[in-house]
Amino acid sequence: MWLFAGMGVVVVAVFSWLTYQNWTNDLALSDRGVETTARVTDVGGKGRVHVEFTTTDGRPISTLVGQGDEADGTRVRDTIPITYDPRKPTSEVRDTRVPENHRIAWFTTGMTLFALVGIPIATWQLAREHRRRRSGALRP
């Protein structure tokens, strides 16, 4: 039972960290994002778009457009408008033709809240069942 509760704390901590990372990354693009154009080098599985672009300070970057931030119908060798985070240009890129979405951030927020509520309830139920079985086993 205590192992379950401890694992629950770890799960909540991990989902909390993921939620924080997703929201700060999304907000970074809104706050300090730089717009430029990128050349599509590959359209992978599930429509994931690989692009190449040059940052304002001249660094060549090859990266993926954020999941769910790519426009349908994008093909290799297309030039697309993107927004990137100058602090992390390889990890935060959004196709500006697509409205901002926060699907991953909302998903991790939901999972964090589910774990935050569900794990204590499940732990309480396990403890209650354990006490019930133990008290029943001790009776003659």
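T83 lies in strand 4, where strands (E, at least two residues) and helices (H or I, at least four residues) are DSSP runs numbered from the N terminus. The residue is buried, with a relative accessible area of 5%; buried means under 20% relative accessible area, exposed over 50%, and partly exposed in between, with a 1.4 Å probe and protein chains only. When residues up to four places away in sequence are not counted, T83 touches L29, G33, V34, E35, E92, V93, R94 and T96, a contact being heavy atoms within 4.5 Å.

## Basis of the values

The model is predicted, so that local features need pLDDT of at least 70 and side-chain atom pairs count only at pLDDT 80 or more, while totals for chains, interfaces and linings use all residues. Residues are numbered from 1 along each chain as its sequence is written, and side-chain values use heavy atoms, with hydrogens and water left out.

## Nonpolar core

The largest nonpolar core has 11 residues, namely A38, V40, V49, V51, F53, I61, V65, I80, I82, Y84 and V93. Such a core is a set of buried Ala, Val, Leu, Ile, Met, Phe, Trp, Tyr and Cys residues joined through side-chain atoms within 4.5 Å. At least two residues of this core come from each of strand 1 (34-43), strand 2 and strand 4.

## Aromatic pair

Rings of Phe, Tyr and Trp (its six-membered ring) pair if their centres lie within 6.5 Å, and planes under 30 degrees apart count as stacked, over 60 as edge-to-face and the rest as tilted. By this rule the count comes to 1 aromatic pair. F53 and Y84 form this tilted pair, at 4.9 Å centre to centre and with 40° between the planes. The pair links distant parts of the chain, since F53 belongs to strand 2 (residues 49-54) and Y84 to strand 4 (residues 79-84), 31 residues apart. F53 and Y84 are both buried.

## Overall form

The protein has 2 helices and 5 strands, and from the N terminus on its elements run α-β-β-β-β-β-α. Its radius of gyration is 23 Å, well over the 14 Å that the globule rule gives for 140 residues, so the protein is more spread out than a compact globule; the radius is taken over C-alpha atoms, and the rule is 2.2 Å times the number of residues to the power 0.38. Along the principal axes, the C-alpha atoms fill a box of roughly 80 × 30 × 25 Å.

Of the 140 residues, 31% count as buried. Among contacts between residues at least 6 apart in sequence, 64% join residues at least 24 apart.
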